[in-house]
Every structure is written in structure tokens, then in C-alpha cells.
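Look over the sequence and the model first, then read on.

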Amino acid sequence: MNIYMHTPIENLRIRLSNVGDLLIDKRPSVDIEGGLSADDLMVQYSVLVKLNRPESCVDVTVTMIYASGRDTLFSGSLTSRFDVLNLKNHIMSVEGGDEFQIDNDFLPILVNIAFGTTRGYFVHELQGTVLASYPFPMISIENIQKRTSYQLI
């Protein structure tokens, strides 16, 4: 899906209304035989942005995974919901495909907020486990955008 963004709108009103829908697919163990080091860890992440025009909200679901070799040590996702006043007025579908236009560049800001919120939430989830000393790293918004997909409802 392609997105085309234009200039900012000064009256755009957005609020973070909910952080929830926590899903932990794999919890880390308390200890790993032989220990663990940062060099052993691989981080994977993805972001799904759902633009829900009927409900005038944007749901950003961030999934984060820690792996060591072929073993998944942790896997979880968290959704942040943003209410956007008159969202449908800011989005136009482009005929003939899965593309849409959005009249300003607010989506990267929402993705960045959701990603940081998820990182912080998972710090709490990793406490008391082998991964407690390894919070998910900070990742540039440019790299996050490369692993972000969009769904228009």
C-alpha cells in the first residue's frame, strides 16, 4: 500500500485515547543456561497502522520480538489508539488500487509515539526475566517506517 502525504494542517486534533490489547505470544524465561549477552540477541519488529474512518481513529499495533539464534525469547504486541477529529476529512482513497492520500504528515508522529510506548511497556514485561537488562533498543523513525504497513478501513 502506498501513501502520499502533503502539508501540515494546523487544526488537526489528535489524542492518545487508549493503550491496550496487549498480546504476549512468548514470555522469556527467568534464566538461560550459559547466560545471555547483547551479542546473542536479535531484534525484530513491525508496525501495523489501521486508519479507521468510520470510528475516526488510528490504531497503531507494534510487535516486538527478541530472538537468540533460532529461539524466540520474547514476542509481544501492543496497540495504541489515537482519536483523530474528522479523520475521514484528512484521507482520500486513490481510485484503482490500495493507495490513499493523507493531507498531512501526522502518521509518523503516531507511529513514533506508539513505538516508544510499546518499548516502555515491554520494559515492565521483561522485569524478572533473563531479558531484564536488555530493553528493546531505540530505533530511528526511518527504519521503523520501513517495517510499517497500513490498512484503510
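**Surface and overall build**

The chain has an accessible surface of about 8800 Å², and 47% of this belongs to carbon and sulfur atoms. Accessible areas come from the Shrake-Rupley method with a 1.4 Å probe; for residues, only the protein chains shown count as cover. This is a predicted model: local features need pLDDT of at least 70, side-chain atom pairs count only at pLDDT 80 or more, and totals for chains, interfaces and linings use all residues. Residues are numbered from 1 along each chain as its sequence is written, and side-chain values use heavy atoms, with hydrogens and water left out.

**Fold**

- The chain holds 2 helices and 8 strands. Helices (H or I, at least four residues) and strands (E, at least two) are DSSP runs, numbered from the N terminus.
- Along the sequence the pattern reads β-β-β-β-β-β-β-α-α-β.
- Of the 153 residues in the chain, 38% are buried. Buried means under 20% relative accessible area, exposed means over 50%, and partly exposed lies in between (1.4 Å probe, protein chains only).
- Among contacts in the chain with a separation of 6 or more, 75% join residues 24 or more positions apart. Contact means heavy atoms within 4.5 Å.

**Nonpolar core**

- The largest nonpolar core has 36 residues, and Val-58, Val-60 and Leu-131 touch the most other members. Such a core is a set of buried Ala, Val, Leu, Ile, Met, Phe, Trp, Tyr and Cys residues joined through side-chain atoms within 4.5 Å.
- Two or more core residues come from each of β3 (42-52), β4 (57-68), β5 (71-84), β7 (100-102) and α1 (107-126).
- Helix α1 gives the largest share, 7 residues.
- Leaving aside neighbours within four places in sequence, Val-60 has contacts that include Val-47, Leu-78, Phe-82, Leu-110 and Ala-114.

**Aromatic cluster**

- The structure has 5 aromatic pairs. Rings of Phe, Tyr and Trp (its six-membered ring) pair if their centres lie within 6.5 Å; planes under 30 degrees apart count as stacked, over 60 as edge-to-face and the rest as tilted.
- Phe-74 and Phe-122 have ring centres 5.0 Å apart and planes at 75°, so this pair is edge-to-face.
- Phe-74 sits in strand β5 and Phe-122 in helix α1, so the pair ties together parts 48 residues apart in sequence.
- Phe-74 is buried, at 0% relative accessible area. Phe-122 is buried too, at 0%.
- Phe-74 also pairs with Phe-136; this pair is tilted, with 5.9 Å centre to centre and 55° between the planes.
- Phe-136 lies in the loop between α1 and α2 (141-146) and Phe-74 in β5, so their pair ties together parts 62 residues apart in sequence.
- Ring pairs link Tyr-66, Phe-74, Phe-122 and Phe-136 into a cluster.

**Around Ile-65**

- Ile-65 lies in strand β4.
- Leaving aside neighbours within four places in sequence, Ile-65 is in contact with residues including Met-42, Val-43, Phe-74 and Phe-136.
- Ile-65 and Asp-25 are 40 residues apart along the chain, and their C-alpha atoms are separated by 9.5 Å.

**Nonpolar surface patch**

- Leu-16, Val-19, Ile-109 and Ile-113 make a nonpolar surface patch of about 310 Å². Patches are made of residues with over 30% relative accessible area and no salt bridge: like charges are joined within 9 Å, nonpolar side chains (Val, Leu, Ile, Met, Phe, Trp, Tyr) within 5 Å. A salt bridge is a side-chain nitrogen of Lys or Arg within 4 Å of a carboxyl oxygen of Asp or Glu.
- β2 (14-26) and α1 each supply at least two residues of the patch.
- Val-19 lies in strand β2. Val-19 is partly exposed, at 33% relative accessible area.
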